[in-house]
Structures are given as C-alpha cells and as structure tokens.
Amino acid sequence: MSKKMSGWIKNPCIYEINTRLWLKELSVKYGRGINLATVPTEVLSSISSLGFDAVWLMGVWKPSVTGREIAAEHDGLRGEFFRTLPDLQEGDILASPYAVAGYEVSESLGGNDALAVFRKLAADCGLKLILDFVPNHTAMDHPWIKEHPEYYVGGTTEDLRNDPANFFNSGTDKNPVVIAHGKDPYFPGWTDTAQLNYFDKGLRKAQIEQIMALASMCDGIRCDMAMLLLNEIHLQVWGRRLFTGQGLDVPGEFWSEAIPQVKKKYAGFLFIAEAYWMKEGPLQLLGFDYTYDKALYDWLKSAETSAISHYLSESPDYQKRCVRFIENHDEERAAAVFGSEHHKTAALIMATLPGARLLHEGQLEGAKVRCPVQLGRRRVEPIDKDLYAFYGKLLQITSSAVFHEGLWTKLEPVVAWENNFLHDNFLIWIWSFNKEVYLAVANLSPVRSQCYVRLPEYCIQSGGRVLEDLLDDNVYERDGDELCSKGLYLDIDAWYRHLFRIS
C-alpha cells in the first residue's frame, strides 16, 4: 500500500538499517547480488506497511582503507568481534562507517547512482531517506588530509612523541604533518579518525557545501555527535590549538551558520542531532529539528518513573523535537537490556510520545546480540514471534493520524485508596484528534500497581464509553461522567501496559 508524502510527517517513525549487512543478507535471501538500486520493492513496501515513515541507511559512505587496517589490528575491538562472532573470519572486519573517507556511496553498495534509485523506490513506498553526516572528524585517508591539512587540528612532533594515542603523522619522517585524532572530552581519541577544526573558515565553508551536497541526495541527515561542534565543547577539548592565526577570535556557532543556509535551499530537509551531556536544548535552539533523547532511554532502563513523569511535564516544544528510542547501533539490544514485559512497556512509552520514534533493525525480532559497526556479518538469531507480533500491532496503531496530527496530553494518576502510593508507578497520556481518543497506560515497575486517572472532559462525552484495548483485544464498558469525575480505575500487573481506543 502506497503512502506517498511530499513533506515530513509530524512525529515520524524511523527505521535504522545497517546497510552493509542488510544488503548482504538480502543477497543471500534472494539468491543474487543486491545493491541499493536493486532492493526488491516488496522489501521497502514491507517496511512501510509496518508503520515506518523513513529509513536511516547507516554506513553507506566510502570506507577507509586505513580504518579497516586499524580495526583488524585493534586488540580491544578484536575481543569484541570474537564475542559477537565466535567464528570470526578476517573478511568479516570492515572499516568503521564513522571514519568516512569521502561522501560518495561505497561502490560495494552500488555507488551514488544506486542510492538515487533507492531513494526513488523508497519514496514510491512512502519512505523518506536519512543518511549519516559525521561532522567532527574524517577518516585518516580522507582527501583533505593531503589537500587541506589546515582543516584539521594540528599538533607538534612533541605531541606525536608524548601522546601517540591522540596524534598521528600524515606526512613523512622527514616532513612530518601532525594531526590530532578525533575525540570527545571524556575519552581517548578514535584512532581511525582525524579531528576537524571548526574555527577554520575554509573548513566551515567546505562542510556547508558538503551538507548541501547531501541535501540533494536524501531527505535528512543524522549528525553524529553533533554537540562536539559547539564552541564550548570544541574549546574544552582543543583550546588554543584551534587558533591557527594571530587572533583569538571565537566564531559564531557552526550549526546556526550551516542549518539556515541549507534550509534556505532545501526547506524540508531534516536535521537530527546525536546529542548528549544536556546539550540537546542548545542544539534545538541552533536549528536542529530533532535531538536524541538519551535521558529518557536511561530512565526507561532503570524504571525511574517519577523522573520520566517530571521530565515529560516540562517544555512541550522541546519534547516535540526529541528522538525517542530504546535501541540503536550504539546501545545494547533492547531484548538483552529489558525483560520481556519491561521491553514491551518501554516500547509503548517510546512509541506513543510526541517526537520522532526510532527503531533499530533487529529490534522488532528480538535480536539480543549487538553487532559492532566494523563487522560485515552478524550472528543469526531466532525470531521472538511474540515480540514481533507485539511490535506489529504497536506500529500499526501508532501509524494512525491521531499519533501524528493529534493533541498529546499527559495525565496524572492519583491514589487508588489511602496509603497506597503505587500510583507513582504509572505513566499515562491521551492522544486526541477529531473524534478519535487513545489512552496509553504503563506500569513501569516490578510490582502490581493501582491508581485512578481522570480523563479530560473535552475528549469524553457523557453516557457510556467503550475502552477497547488494542494490544490485548479486550473491551471494557465505563460511564463517561465517572471517567471525568472519579476517574478510570487501573489495577495493572508489573511491567504491563494498555493502549485503549475510547469510543
């Protein structure tokens, strides 16, 4: 079924795909070599019919030869590779997709022309296309290393001698050109990368031109570690090394310079920031459409219901621009982190909040083994049929217009009886649109809990009301006036949830 769209839908549902592995596995399934141009339409139609609005093709760019060599020789990575794939072969090791050697689609995936075909195929199935942009660093064999060494944070031969983990020589022993590895403030450098200097005007211009080129190839970009470019953090990590001229003038924020320029030409282009360290709000103010919501993910894992409730009650404009997730390629698999019912309840919460909803390839099937991004093969795991059926229902329900165009209202649970404080274990909200009303209820705790919740009068008319649980297929009849006055009584098992349609 086609669901063609011109612009981005509100609260889009995004499917992250490990492109290299996905195409390899499709080739095995269909018994022929498949690249981006030859992905069967039925595959994209299936993704769309599940309820997704966009696909994020992770790892499509030109791979780094140097990066692959480093990954193959890195003791720490090799240990992780063997834990993931006990039968690891040398050919399974690839370069990290986040050490980009150039923003041309890898020839092994079909090249730029194949991506253009894929984009049209996806659009015909109602799917937008998101690609990665890695702004903080490049691979060590990116052309700029030789052509524009001034684009990078430089070092001295003394740095190279005293701190070889964070600096490398891109020149020769006779004529050294010392460049820093990319890094964040809290960990050693990524040894397969080279750190860009955003205080260099030439680099800024080149990166804006690069984003413009990407905007002609896709519908949005996920900007890796976007907060590292903030002047505050850039200075914290690199200090005076960023100032290569005579002055110490700090430029304006890069994102506030780049995003408006790109949107002026590509008005509907979407910017998503991978962001941490409470920098999500500042990045939204600088123009990002959506920012990662790592705080919610952490609280869902630890079942900190009160923290979530307080968080969701604040800053509605901010909440609408969060990317909700319980799994992505950087995090452990949700099926390995959460217990079975906890997993489903966390998924319900994530999928019924305002903002973008991100799900990861393998999450629906209950995969438990996280695959490092440098691997070209992953372990075959059994499908959790019960979990897959649950996600199928959840995604179908939340693809309805009410969850994209409707009004989201958080409700406050109250005590079921005196000295019963288990109401604090609940998260409850309503979506309403035209005459449609949906009520999401979650007991995010390891104990059976009770509460009352009063429903807003604007969405509950007087007379009898029917509450149809769309996840469990149960139906309940209640008095509409009582739902608004005394409230709906809830008595729910540990880690359990309901998604009611009220009619």
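This is a short tour of selected places in the structure, one selection at a time.

The model is predicted. Keep that in mind at every stop.

**Stop 1: the start of the chain**

Select Pro 12. It sits in the segment before strand S1, which covers 13–18. Is Pro 12 buried or exposed? Its relative accessibility is 1%, so Pro 12 counts as buried. Now show what surrounds this residue. Setting aside residues up to four places away in sequence, Pro 12 touches Asp 53, Tyr 290, Gly 355, Ala 356, Arg 357 and His 404. Pro 12 and Ile 349 are 337 residues apart along the chain, and their C-alpha atoms are separated by 15 Å.

**Stop 2**

Colour helix H3, residues 65–73, and helix H4, residues 75–84. Their axes come within 6 Å. The crossing angle is roughly 75°. That angle falls between 65 and 115 degrees, so H3 is roughly perpendicular to H4.

Which residues meet here? From H3, show Ala 71, Ala 72 and Glu 73. From H4, show Asp 75, Leu 77, Arg 78 and Phe 81. Sort the residues of this contact by class: 4 are nonpolar, none is polar and 3 are charged.

**Stop 2: the exposed lysine**

Move to Lys 146. This residue is in helix H6, residues 144–147. Its relative accessible area is 62%, so Lys 146 is exposed. The cut-off for exposed is over 50%.

What does Lys 146 contact, leaving aside neighbours within four places in sequence? The partners are Ser 170 and Gly 171. Pick Ser 170 and check the spacing. Lys 146 and Ser 170 are 24 residues apart in sequence, and 7.9 Å separates them from C-alpha to C-alpha.

**Stop 3: a buried isoleucine**

Keep Ser 170 on screen and select Ile 179. Ser 170 is also one of the contacts of Ile 179. Ile 179 lies in strand S8, residues 178–180. Its relative accessible area is 1%, so Ile 179 is buried.

Then pick Thr 157. Ile 179 and Thr 157 are 22 residues apart in sequence and 9.9 Å apart in space, C-alpha to C-alpha.

**Stop 4: a methionine in a loop**

Go to Met 217. Look in the loop between helix H8 (201–215) and strand S10 (220–223). Is Met 217 buried or exposed? With a relative accessible area of 16%, Met 217 is buried. The cut-off for buried is under 20%.

Beyond four places in sequence, Met 217 is in contact with Trp 61, Val 105, Asn 112, Leu 115, Arg 119 and Leu 129. Met 217 and Asn 197 are 20 residues apart in sequence, but 26 Å apart from C-alpha to C-alpha.

**Stop 6**

Most residues other than glycine have a negative phi. Here are two with a positive value.

Select Trp 277, in the loop between strand S11 (270–273) and helix H11 (280–285). Its phi is near 65°. Trp 277 is partly exposed, with a relative accessible area of 28%.

Next, select Trp 495. Find this residue in the loop between strand S22 (488–492) and strand S23 (497–502). The phi of Trp 495 is about 60°.

**Stop 5: the largest cavity**

Rolling a probe the size of a water molecule over the atoms shows where empty space is left. How many cavities of 30 Å³ or more does the structure hold? There are 5. The largest cavity has about 80 Å³ of space.

To find the largest cavity, select its lining: Asn 18, Leu 21, Met 58, His 329, Arg 333, His 360, Glu 361, Arg 370, Cys 371 and Arg 378. Colour these residues by class. The lining has 3 nonpolar, 3 polar and 4 charged residues.

Definitions and conventions. Residues are numbered from 1 along each chain as its sequence is written. This is a predicted model: local features need pLDDT of at least 70, side-chain atom pairs count only at pLDDT 80 or more; totals for chains, interfaces and linings use all residues. Side-chain values use heavy atoms; hydrogens and water are left out. Axes are lines fitted to C-alpha atoms, for helices over the stretch in contact, and angles run from 0 to 180 degrees between N-to-C directions. Helices (H or I, at least four residues) and strands (E, at least two) are DSSP runs, numbered from the N terminus. Angles under 35 degrees count as roughly parallel, over 145 as roughly antiparallel, 65 to 115 as roughly perpendicular and the rest as oblique. Contact means heavy atoms within 4.5 Å. Ala, Val, Leu, Ile, Met, Phe, Trp, Tyr, Cys and Pro count as nonpolar, Asp, Glu, Lys and Arg as charged, and the others, Gly among them, as polar. On a 1 Å grid over the protein atoms alone, a cavity is a set of points where a 1.4 Å probe fits but cannot get out, and a pocket is an open set with protein on both sides within 12 Å along at least five of seven lines; lining residues have an atom within 4 Å of a point. Grid points are joined across faces, edges and corners, and a volume is the space filled by probe spheres set on the points. Buried means under 20% relative accessible area, exposed over 50%, partly exposed in between (1.4 Å probe, protein chains only).
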